[in-house]
Amino acid sequence: MNTTLRPAAPQDIAELRQLYFEVYGHGYPVALGSDPTEMHRLITDPHSHWLTARRTDTGELAGSVVVQTDPGNRVGKLVGLAVHPSQRQCGLAGRLTEAVTADALAAGTLDSIHTTVRMVTQAPQRVVARNGYRPLGLLPNAADVSGCETLALFACYAEGVLERRERVTVVPRAVMPLLDAAEESIGIPCAAVLPADATDLDASPPLPGGGAGSPAPGALLTAPARPTTRTPIEVINAPGFVRRRFRELFPDPAGAYSPLRTPNTVLTTPDGAFEIYADLDLAASSCALVAVHPYPAAAARALDSLMTALTRAGADYVETLVPLADTAGLHAFLAAGFVPSASYPAMRRVGDRFHDYVVLSRTDRQIDFRTTAVSPLVQPYLNAYLTTWASTYLPHHEVVL
């Protein structure tokens, strides 16, 4: 069936909502498929790229895809890929992905575009992989679509970006399986990275060089001690107030790096010792931690209590972005039961160099991978996640070496 691709227009909103309903039913947790106000904002946003596909014979809407962008951070996200059930098996998903990615990168304002794909089948993973997206990891229990689902993270890059990555030589030992998976899956080298335990922290920067630091297959990773004290946490869900206060406290975008995330919730202690800004999405039962005021270390001992508060608020999955070079920050989240689940090489541009980031996630709902369709490119990340999760949550005598 022949189709024509063209930019979305405001008059398409009603048909687009119907398309997302027919593809996902009532369970689609993204506003661009259900909220007319958000859809109109994205369609008219000069920095967004929204393509539709229509049948050439009838003009009926057959597919849709969007790349949202954060021009200040030069990062984009491909979202909302949907193909009408009657148009599947025709390669339309691949055409839409290829076209919208090329359109977004051609503008010259992005260094990378990432996307998360459902893993109910391998087909979405193959579609993005065939169009230049590289697998970066897993996000277990990240979305509540048709039940609690694991997503896979992929990204593609503008030319020359990966060649200008800033080198990191020391990382927490628990991050090594993730880096090894990236090397196995997409060839991102980590041979010069050394593992470090929390007791190895040093205020001075690591020296360049070093040999392979991967743990032996089946070796037990060192898990930081979990905090035993509880901190009272208040959850303030007031989007307008939170956004205004966030802009007051972080006027410089460099002070709170979380592309394409707008905080709508603040978590704080009764005495105001710290404020954690978060993007809480109750529709997806998920939360992304964006920034901490006055400084990240102020909340380090309260992260376990934070999870309890967010679970009560309705978030079964919590994630955060931490620079790969921030060893102390990584150890703080590891100590609170967060697991390195995805890497994002060359995510942040500083001057002419690019810095790697790690996605750490924690879910307090049981993880069930039995119905997860894992492609060969993603399999190394599943193996890495299982290794680190077991070392974090199972007593040493229960881990079979």
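Leaving aside neighbours within four places in sequence, which residues is Thr 231 in contact with? The close-up of Thr 231 below gives the reply.

**Overview. The protein chain has nine helices and 16 strands.** This is a predicted model, where local features need pLDDT of at least 70, side-chain atom pairs count only at pLDDT 80 or more, and totals for chains, interfaces and linings use all residues. Residues are numbered from 1 along each chain as its sequence is written, and side-chain values use heavy atoms, with hydrogens and water left out. Helices (H or I, at least four residues) and strands (E, at least two) are DSSP runs, numbered from the N terminus. Of the 401 residues of the chain, 51% count as buried. Buried means under 20% relative accessible area, exposed means over 50%, and partly exposed lies in between (1.4 Å probe, protein chains only). The accessible surface of the chain comes to about 18,200 Å². Carbon and sulfur atoms hold 53% of that surface. Accessible areas come from the Shrake-Rupley method with a 1.4 Å probe; for residues, only the protein chains shown count as cover.

**Close-up of Thr 231. Thr 231 lies in the loop between β9 (194-196) and β10 (234-237).** Thr 231 is in contact with Thr 269, Arg 301, Ala 302 and Ser 305, leaving aside neighbours within four places in sequence. Contact means heavy atoms within 4.5 Å. Arg 301 is 70 residues away along the chain, yet the C-alpha atoms of Thr 231 and Arg 301 are separated by 8.3 Å. Thr 231 counts as partly exposed, at 25% relative accessibility. Contacts across the whole chain can be sorted by separation too. Among those between residues at least 6 apart in sequence, 67% join residues at least 24 apart.

Strand β2 (residues 49-55) is largely enclosed by the rest of the structure, because seven of its seven residues are buried. In a regular strand the side chains alternate between the two faces of the sheet. Here His 49, Leu 51, Ala 53 and Arg 55 point one way. Trp 50, Thr 52 and Arg 54 point the other way. Two strands pair if DSSP finds at least two bridges between them. Strand β1 (residues 3-7) runs antiparallel to β2, joined by five bridges. Strand β3 (residues 61-70) is also antiparallel to β2, with six bridges. Which residue of β2 is the bridge partner of Arg 6? That partner is Thr 52. Thr 52 also stands opposite Ser 64 in β3. β2 and β3 form a hairpin with five residues between them. In the turn, Gly 59 has a positive phi of about 80°.

**Close-up of β16. Nine of the eleven residues of strand β16 (residues 353-363) are buried.** Strand β14 (residues 317-323) runs antiparallel to β16, with seven bridges between them. Tyr 317 stands opposite Thr 363 in β16. Strand β15 (residues 339-350) pairs with β16 over eight bridges, again in the antiparallel sense. The bridge partner of Val 339 in β16 is Ser 361. β15 and β16 form a hairpin with two residues between them. Gly 351, in the turn, has a positive phi of about 65°.

**Close-up of an aromatic cluster. Ring pairs link Phe 246, Phe 250 and Tyr 277 into a cluster.** Rings of Phe, Tyr and Trp (its six-membered ring) pair if their centres lie within 6.5 Å; planes under 30 degrees apart count as stacked, over 60 as edge-to-face and the rest as tilted. The count comes to eight aromatic pairs. The rings of Phe 250 and Tyr 277 have centres 6.2 Å apart and planes at 80°, so this pair is edge-to-face. The pair links distant parts of the chain, 27 residues apart. Phe 250 is in the loop between α6 (239-249) and β11 (265-268), and Tyr 277 is in strand β12 (residues 275-281). Both Phe 250 and Tyr 277 are buried.

Asn 264 sits in the loop between α6 and β11. Is Asn 264 buried or exposed? Asn 264 counts as buried, at 14% relative accessibility. The side chain of Asn 264 reaches the backbone nitrogen of Leu 280 at 2.9 Å. Beyond four places in sequence, the contacts of Asn 264 include Ile 236, Val 242 and Asp 279. Gly 240 is 24 residues from Asn 264 in sequence and 7.3 Å away in space, C-alpha to C-alpha.

Conventions
A polar contact is a pair of N or O atoms within 3.5 Å; within protein, one must be able to donate a hydrogen and the other to accept it, and residues adjacent in sequence count only if both atoms are side-chain atoms.
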